[in-house]
Amino acid sequence: MTAASILTSITRSTRASRPIATVTVCRPSKLNSLNSYLLNTLTDEMRSLPEKHLDLLAVVLTGAGPKSFIGGADIAEMATLSTSTAAREFITRVHKACQSIRDCPVPVIGRINGYALGAGLEIAASCDFRVASRNAVFGMPEVNVGIPSVVEAALLPGLIGWGRTRRFLMLGDNIPAAEALQWGLVEKAVEPEHLDHAVDEWIQLLEKSGSCAVRQQKRLIRQWEQLGLDAGIQAGISVFGESFERNAEGPQMMSAFFKRKEERR
């Protein structure tokens, strides 16, 4: 492992032997803070994984070591940004990393094992769902160093509401995992030693679901974020129809369900 790297490991699901990728941001000496190299590498890895593993089940995104998920963007690098052009280029790299997570066709699970601050919290918010260690800490401290929270901080109102978003971003204070769970910033908070088990529980549920249906659902949810209510409903009608095309998994899985039900009678 180099001083700053993105480490990816592949395991196989127990039922269908489908690949599960664990992507780890490795820079523990700096709380896994993201410099330009890590941002570009993370973006490339998230984009290439579905191409390398066509039957990919899920991606688990985490940080190296017990202290930090991602402690934010690299303050030392940001301090060297001498022009607005350089600043825009850097924050665009943060956005592209977040977008690569949101655009990943399979569920991305945020395994939050410590500090999730600033850009690290934006990365976490870009995941489809999040489980946090009870010692995790969440914050958007950008205003404390004279800059606003931007790019995927725009996801926060949909997770925690406008009032909490305003408090979070304008006051720059941190909250513990218990409060993040109460707010809806994370879906589950567990003791540190139970973090992997909590992730495995979600993986097992994904294994039981139709792989195409899960991918369709993620794609449709992304459309719902961008469309109005009426257009979102219409988009769902089209996706539902796709589920019943020839050789689609929907009819096959429903047939298998009813067969099992009959056998239990």
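Reply: The count comes to 12 salt bridges, a salt bridge being a side-chain nitrogen of Lys or Arg within 4 Å of a carboxyl oxygen of Asp or Glu. Before we look at some of them, please keep in mind that this is a predicted model, in which local features need pLDDT of at least 70, side-chain atom pairs count only at pLDDT 80 or more, and totals for chains, interfaces and linings use all residues. Residues are numbered from 1 along each chain as its sequence is written, and side-chain values use heavy atoms, with hydrogens and water left out.

Let's begin with arginine 102 and glutamate 225, whose closest N and O atoms are 2.4 Å apart. Helices here are DSSP runs of H or I with at least four residues, strands are runs of E with at least two, and both are numbered from the N terminus. Arginine 102 is buried, at 17% relative accessible area, while glutamate 225 is partly exposed at 48%.

Next, follow arginine 111 to aspartate 196, where the N to O distance is 2.8 Å. Arginine 111 lies in strand S5 (residues 108–112) and aspartate 196 in helix H8, so parts 85 residues apart in sequence are tied together. Arginine 111 counts as buried, with 17% relative accessibility, and aspartate 196 as partly exposed, with 43%.

Another salt bridge joins the side chains of glutamate 179 and arginine 167, at 3.5 Å from N to O. Glutamate 179 is in helix H7 (residues 177–183) and arginine 167 in helix H6 (residues 162–171), 12 residues apart. Glutamate 179 is partly exposed at 22%, and arginine 167 is partly exposed at 31%.

Tryptophan 202 in helix H8 (residues 195–208) pairs with phenylalanine 129 in strand S7 (residues 129–133), 73 residues apart. Their aromatic pair is edge-to-face, with 5.2 Å centre to centre and 70° between the planes. For such a pair, ring centres of Phe, Tyr or Trp (its six-membered ring) lie within 6.5 Å; planes under 30 degrees apart count as stacked, over 60 as edge-to-face and the rest as tilted. Tryptophan 202 is buried at 14% relative accessibility, whereas phenylalanine 129 is partly exposed at 24%.

Now for the nonpolar surroundings. A nonpolar core is a set of buried Ala, Val, Leu, Ile, Met, Phe, Trp, Tyr and Cys residues joined through side-chain atoms within 4.5 Å. The largest core has 50 residues, of which Val59, Ile123, Phe138 and Phe168 touch the most other members. Leaving aside residues up to four places away in sequence, isoleucine 123 touches Leu34, Leu42, Leu61, Phe69, Ile70, Ala97, Cys98 and Ile101, where contact means heavy atoms within 4.5 Å.

Stepping back to the whole chain, the secondary structure comes to 11 helices and 10 strands. Of the 265 residues, 46% count as buried.

Methods. Buried means under 20% relative accessible area, exposed over 50%, partly exposed in between (1.4 Å probe, protein chains only).
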